[in-house]
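Have the structure open as you read.

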Amino acid sequence: MARAVTASRKALTTAIAGALAFLMFFPILWIVVLSLKTEVDAIRAPWQVLTSGWTFESYGAVQERSDYFKHFWNSVIIAFGSTLLGLVIAVPAAWAMAFVPGKRTKDVLMWMLSTKMLPPVGVLVPIYLLFINIGLLDTRFGLVIVLMLINLPIIIWMLYTYFREIPGEILEAARMDGASLREEVLYVLTPMAIPGMASTVLLNVILAWNEAFWTLNLTASKAAPLTAFIASYSSPEGLFYAKLSAASVMAIAPILIMGWFSQKQLVRGLTFGAVK
Amino acid sequence: MGRITLDKVRKSFGAIEVIPPLDLTIEDGEFVVFVGPSGCGKSTLLRLIAGLEDVSGGEIRIDGKDATDVPPAKRGLAMVFQSYALYPHMSVRKNIAFPLRMAGMDKAEQDRRVDDAARVLNLTDYLDRRPGQLSGGQRQRVAIGRAIVREPAAFLFDEPLSNLDAALRVGMRLEISELHERLKTTMIYVTHDQVEAMTMADKIVVLNAGRIEQVGSPLELYRQPRNLFVAGFIGSPKMNLITGPEAEKRGAHTIGIRPEHIKVSDDDTCIWRGTVGVSEHLGSDTFFHIHMPSRDEPLTVRAGGDVDLYHGDHICLTPDEAHMHRFDEKGNRIE
Amino acid sequence: MATKASRAAARLMISPAVLLLLGWMIVPLSMTVYFSFLRYNLLMPGDNPFVGWENYKWFVTDPSFSAAMVNTLLLVGGVLLITVIGGILFALLLDQPMWGQGVIRIMVIAPFFVMPTVSGLVWKNMFMNPVNGIFGHLAQAIGMQPIDFFSQIPLLSIIGIVSWQWLPFATLILLTALQSLDQEQLEAAEMDGAGWLSRFWFIMLPHLARAITVVILIQTIFLLSIFAEILVTTNGGPGTATTNLTYLIYVSSLLQYDVGMGSAGGVIAIILANIVAIFLMRMIGKNLDA
């Protein structure tokens with residue numbers, strides 16, 4: 001098993017890894033710093049930035065200038081709405097494939113996965129035209145539907161791999177114990193599956209929150225979530241560093257926190273169980 | 001009550017027939033062991049009885065009533081799984097009470113039964129724990145507890161001891177036997193371990209490739225194996241099987257002699273001679289693997305613990321003719 | 001466990017998901033294919049005549065198409081190179097015993113959770129801006145001419161930004177794979193006289209091969225569709241220097257309103273993605289049997 005490592009070697013690894021990790025993390029750290037500066041201070045050289053005064057004014061300004069919370073709320077509805085809607089459709093499907101596998105189960109799963117491989121740009125035109133015709137363009141509902149559809153394969157796959165880890169014998173035991181299908185799902189399967197479902201929700205909220213193809217192309221202003229809201233800073237206004245930083249921090253903070261909780265699930269979810 | 005009858009029961013998965021039509025009767029209160037090598041269909045047979053698999057043909061009757069299409073929960077059987085299949089998110093108490101809760105029994109009666117079962121199985125102190133906090137033996141007892149509270153017509157055990165270490169296995173074996181003595185309920189027990197079969201069973205069913213090779217009490221199988229398969233499977237160490245002139249001399253294609261029915265001597269009045277290969281001195285017994293010029297495989301012989309012979313020693317053997325088993329070319333016993 | 005009753009129920013439970021995905025795949029896909037054979041521009045109302053392969057011909061012979069293909073290839077290849085090699089090194093490093101491993105790991109992974117528009121804009125303004133960005137300030141401080149990243153090395157800059165986003169993904173997956181390596185195997189190799197480099201080459205790398213393939217395939221799928229980072233930084237420019245296939249199709253269909261042309265491009269993108277997808281699906285399918 002693990003061998004004792006000399007303290008000096010451990011210190012050296014810690015120093016190297018720490019330095020590299022700091023570099024990776026620095027851009028995020030830096031926008032936090034800039035968001036707490038005045039516009040004038042924010043464009044100074046880094047060493048001058050660090051010694052200048054601190055202020056929260058940019059956060060207030062972002063809300064005043066462009067109604068940050070409207071977009072935040074859009075993001076919440078789109079991310080959680082699409083995930084929960086997806087969950088409702090995916091849970092029965094994943095349950096059935098995991099516990100009543102048939103000859104074609106594998107093919108169905110692979111086919112579902114293949115829909116995820118469809119490049120979004122390949123169907124941009126028809127979706128865009130359909131959205132115009134049905135009046136879904138720039139609506140939260142439209143985005144909920146589209147993001148649900150593009151993430152549905154991932155949700156089904158993740159749930160499937162979690163469900164498959166629940167030993168079939170336990171469900172058989174429940175059946176022997178006299179549980180009906182409903183009771184089996186309610187008292188045995190659901191409590192055992194909740195951790196897996198929670199991870200699935202977490203990862204898919206993250207994916208939907210950060211999705212930046214459909215959210216940019218299918219919204220104008222009304223339904224624009226944070227991805228599109230931030231993109232509006234790409235115009236010369238983006239040179240207001242402090243405000244851009246404040247808006248960015250507010251856009252990524254919630255998901256960063258959720259992301260740290262979901263490291264393990266990330267691997268499973270994004271590799272479709274190919275790496276665990 | 002728990003009399004289970006299988007009438008021409010058949011099971012195939014797709015084109016593969018794992019159990020050809022099979023008849024078997026299990027009497028009320030009997031402890032029946034299904035034994036056979038892995039893949040012989042013994043677990044499938046148990047699952048057919050449990051109702052966890054649909055039969056492809058034939059009829060299963062429990063206490064005279066046709067149960068072939070009755071769902072598992074309604075058959076009045078309880079099962080103990082190989083992995084124990086405990087509900088990890090429920091306490092031990094809730095695990096044991098689960099079948100009672102499903103049956104809609106009132107809370108007080110549930111508690112009374114769970115407490116009784118826990119007392120019998122020495123689980124009283126663990127009722128509030130989760131299965132994850134228990135040792136293997138304790139989990140096994142919880143699984144048994146969950147089965148006994150229902151007061152089923154019969155218990156089904158699917159290799160319940162195979163996940164336990166050797167010492168615990170012997171202990172649990174005794175506990176299950178004692179439980180059977182106390183409850184007098186029918187038990188069907190699946191194992192690949194012939195020692196478990198011999199020690200626990202009233203009746204052993206030896207299965208091979210989905211077919212019943214022989215049904216009988218442990219000693220019947222030991223004394224009168226009906227064919228070569230049973231002869232080789234029951235008994236430890238294995239019966240020696242000999243073909244060639246020695247067999248022909250006794251009017252058989254193959255003769256079988258168990259290691260314990262060969263006498264070791266150092267005088268010259270013996271029938272077979274050989275050289276000691278590996279010798280295993282257990283203290284109480286000694287197992288010799290004897291090399292003989294006429295055979296490729298060594299002959300296994302069981303002698304007393306005081307026989308001091310070692311690798312390379314010459315040895316003189318006398319088989320006990322009264323305990324010799326004779327088989328024809330098809331492998332069937334010649335009486 | 002499967003009995004007849006549960007089988008019928010199972011089919012019923014799968015069908016909503018199947019029908020939705022089937023609709024999602026077939027309806028827009030067939031529309032794309034159909035549009036790609038029409039002369040169809042939203043700015044020119046009227047008939048949309050069938051024009052055969054004309055859109056494809058125009059799309060493929062347009063000089064920006066070959067530029068976009070090269071850019072796509074460079075973008076995908078460059079990011080893969082950086083993230084896979086960097087990811088292996090990071091994973092090996094993070095697998096070593098150290099203090100504060102949890103915190104270090106979290107810091108390395110963080111960039112993956114930053115939304116593409118934010119990372120694009122933050123790098124563009126706060127780091128790569130020649131006047132006010134950190135790199136500019138640093139260059140001036142040591143008396144060098146600041147690099148104007150998006151005019152001088154636009155594609156490389158985008159490769160850098162995207163690599164920053166995906167390096168954590170590669171690291172995380174390779175680290176997970178590395179941690180599943182049986183320590184006794186490494187000890188056995190050590191007893192057999194294998195030095196650190198041979199252990200890496202003969203034991204660790206083969207063990208990682210699968211995970212590396214998965215990283216490459218999955219990243220390729222996502223990298224082929226890089227869009228937001230380009231939109232907020234360079235708008236595909238200067239010229240077509242940073243226009244990839246996805247962006248080119250976006251320009252034809254939503255900026256030039258040429259539905260026919262955009263659709264033809266879409267079909268080409270689908271074919272390209274499918275080539276990668278086939279390999280990925282094989283890998284995943286194999287794992288499903290295991």
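Predicted model: local features only at pLDDT ≥ 70, side-chain atom pairs only at ≥ 80, totals over all residues.

Let's begin with how chain A and chain B touch. On one side, 15 residues of chain A make contact, and they meet 25 residues of chain B. Together the two chains bury about 1,700 Å², with 64% of that on carbon and sulfur atoms. Which residues carry much of chain A's share? Glu169(A), Met176(A) and Asp177(A) supply 44% of the area that chain A buries against chain B, more than any other three residues.

Now for the charges and the polar pairs. The interface of chain A and chain B has two salt bridges. One of them joins Glu172(A) to Arg47(B), and the closest N and O atoms of that pair sit 2.6 Å apart. Counting polar contacts between chain A and chain B gives six residue pairs.

Where on chain A does this contact side come from? Both α9 (168-176) and α10 (181-210) of chain A supply at least two residues each to the side that touches chain B. The most comes from α9(A), which gives seven residues. Sort the side of chain A that touches chain B by class and you get nine nonpolar residues, five charged ones and one polar one.

Next, the backbone. Here's a bit of background: most peptide bonds are trans, and most residues other than glycine have a negative phi. The peptide bond running from Ser236(B) to Pro237(B) is cis, with omega near -5 degrees. To find Pro237(B), look in the loop between α8 (228-233) and β11 (240-243) of chain B.

Then there's Asp63(B), which isn't a glycine and yet has a positive phi, near 50 degrees. Asp63(B) sits in the loop between β4 (57-62) and β5 (65-66) of chain B. Is this residue buried, partly exposed or exposed? Asp63(B) has a relative accessibility of 28%, so it counts as partly exposed.

Asn122(B) also has a positive phi without being a glycine, at about 60 degrees. You'll find Asn122(B) in the loop between α3 (107-120) and α4 (136-148) of chain B. Its relative accessibility is 57%, and therefore Asn122(B) counts as exposed.

Terms used
Residues numbered from 1 in each chain as written. Chains lettered and ligands numbered in written order. Heavy atoms only, no water. Contact = heavy atoms within 4.5 Å. Buried area = accessible area lost by both parts, 1.4 Å probe. Salt bridge = Lys/Arg side-chain N within 4 Å of Asp/Glu carboxyl O. Polar contact = N/O pair within 3.5 Å; in protein donor to acceptor, adjacent residues only side chain to side chain. Helix = DSSP H or I, 4+ residues; strand = E, 2+ residues; numbered from the N terminus. Nonpolar A, V, L, I, M, F, W, Y, C, P; charged D, E, K, R; others polar. Buried < 20%, exposed > 50% of the residue type's maximum accessible area, 1.4 Å probe, protein only.
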